[in-house]
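The points move from the chain as a whole to single residues.

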Amino acid sequence: MKRFLFSLNRRSAILALGGFVFLTTPAWAQEATKAAAKEAPLTASVVLPLILAGFLFLIVAGFLVAVFIQALPLLFHFYDNPVRQHSAMARFINLFRGDTTTFTGKANDILMEDHSYDGIHEFDNDLPPWWKFMFYATAVFAVVYLLNFHVFHNGALQTQEYETEMQQAALFHPSGGAGNANEKTDYKVLTDAARIDAGHAAFTQNCAACHGQKGEGVVGPNLTDEYWLHGGEVNEVFKTIKFGVTSKGMVAWQGKLSDDQILEVSSYILSIQGTNPPNAKAPQGEKK
């Protein structure tokens, strides 16, 4: 009966493995084809051999697993020999019949004297092998880490990484005259007609191509409605113009316009709120 059940389980495992190979190979080939299509340099003459090699690998791997499953009874018998039963290969083979002592260790069931508290008894068992292996791995990792970072200096420590990241951040947000996108500003909307006109002129020259002659929006958003993508307060508009939004095509104007000119443009934009020009673009962003 046991042999019959083992044979049945073995055949079921082989059929399941064969089904897995059969079902996954087309999907794998399809994904490989899609990935290959995205890479321009890869041609059909390169992709097809790769797909065939992967299909052949799955067949060979499935065949080897099937052979291994078929050979398990012989391996069990072979490694039951007292001479071989304590070898590493024997412990590996025993995993396939439910013997997990390779990882959990073997309990000695020896009670330790004077180690019984509140009815709880402590046994003098060895540490589980998996725990020992993890301890050994951490010891090896510590040595490698010490040599790599503190002896040969192949890697950067946390302080060095922090300093490097700060230097990189300084390139994107330079201090001084260029300003900082996170710097708090307290500009007020200009009301002087001459400066509003100057802002209008700068807007027409630099911004109308994307936002329209009257701010109605072309490629960029409509600037005359109550909706804003990056804030409609004068300081928010100022920062959007100065530092740009490169992810959405809005260039930074801090190298072309002075802070005074940017404030004039910002004030002009706020002055045309509610003008409702013809052919205005649909609202975008949040209402303010």
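1. Helices and strands are here DSSP runs, helices of at least four residues and strands of at least two, numbered from the N terminus. The loop that holds N276, between α10 and β4, is named in these terms. The model is a predicted one.

2. Overall make-up. The chain holds 10 helices and four strands. Read from the N terminus, the order of these elements is α-α-α-α-β-β-α-α-α-α-β-α-α-β. Of the 288 residues in the chain, 22% are buried. The accessible surface amounts to about 20,800 Å², and carbon and sulfur atoms account for 63% of that area. Among contacts with a separation of 6 or more, 58% join residues 24 or more positions apart.

3. Annotated spans. An unreviewed UniProt entry carries the annotation "transmembrane region" for residues 53–79 and 133–152. In the model, residues 53–79 are 100% helix and 0% strand, with 35 Å between the end C-alpha atoms. Residues 133–152 are 95% helix and 0% strand, and here the end C-alpha atoms lie 27 Å apart.

4. H153 is placed in the loop between α5 (129–151) and α6 (158–172). Its phi is near 55 degrees, which is a positive value in a residue other than glycine. Is H153 buried or exposed? With a relative accessible area of 57%, H153 is exposed, because the cut-off for that class is over 50%.

5. The largest pocket. This pocket holds about 570 Å³ of space. Its lining consists of 28 residues, and H211, G220, P221, T240 and M250 are those nearest its centre. Which elements each supply at least two residues of the lining? They are α7 (193–206), α8 (208–211), β3 (227–228) and α9 (234–243).

6. Helix α9. Why is α9 described as largely enclosed by the rest of the structure? The reason is that eight of its 10 residues are buried. These buried residues are V234, N235, V237, F238, T240, I241, K242 and F243, and they pack against β3 and α10. T240, one of the buried residues of α9, is also among the residues nearest the centre of the largest pocket.

7. The ends of α9. At the start of the helix, a side-chain oxygen of E233 comes to within 2.9 Å of the backbone nitrogen of N235. Just after the helix, G244 has a positive phi of about 75 degrees.

8. S266 in helix α10. S266 lies in helix α10 and is buried, its relative accessible area being 0%. Leaving aside residues up to four places away in sequence, S266 touches V234, V237, F238 and I241.

9. E264 in helix α10. E264 also has its place in helix α10. Why does E264 count as buried? Its relative accessibility is 13%, and the class of buried residues takes in values under 20%. The side chains of E264 and R195 are joined by a polar contact of 3.2 Å. Apart from residues up to four places away in sequence, E264 touches L190, R195, A198 and G199.

10. T275 is found in the loop between α10 (259–271) and β4 (286–287). With a relative accessible area of 45%, T275 is partly exposed. A polar atom of its side chain lies 2.9 Å from the backbone oxygen of I272. T275 and K214 are 61 residues apart in sequence, while their C-alpha atoms are 8.8 Å apart in space.

11. N276 in that loop. N276 likewise has its place in the loop between α10 and β4. Phi of N276 is near 50 degrees, a positive value in a residue other than glycine. At 63% relative accessibility, N276 counts as exposed, since exposed means over 50%. T275, by contrast, is partly exposed.

Technical notes:
Residues are numbered from 1 along each chain as its sequence is written. This is a predicted model: local features need pLDDT of at least 70, side-chain atom pairs count only at pLDDT 80 or more; totals for chains, interfaces and linings use all residues. Side-chain values use heavy atoms; hydrogens and water are left out. UniProt positions are given in the numbering used here, feature names are shortened, and annotations may be inferred rather than shown by experiment. Buried means under 20% relative accessible area, exposed over 50%, partly exposed in between (1.4 Å probe, protein chains only). Contact means heavy atoms within 4.5 Å. Accessible areas come from the Shrake-Rupley method with a 1.4 Å probe; for residues, only the protein chains shown count as cover. A polar contact is a pair of N or O atoms within 3.5 Å; within protein, one must be able to donate a hydrogen and the other to accept it, and residues adjacent in sequence count only if both atoms are side-chain atoms. On a 1 Å grid over the protein atoms alone, a cavity is a set of points where a 1.4 Å probe fits but cannot get out, and a pocket is an open set with protein on both sides within 12 Å along at least five of seven lines; lining residues have an atom within 4 Å of a point. Grid points are joined across faces, edges and corners, and a volume is the space filled by probe spheres set on the points.
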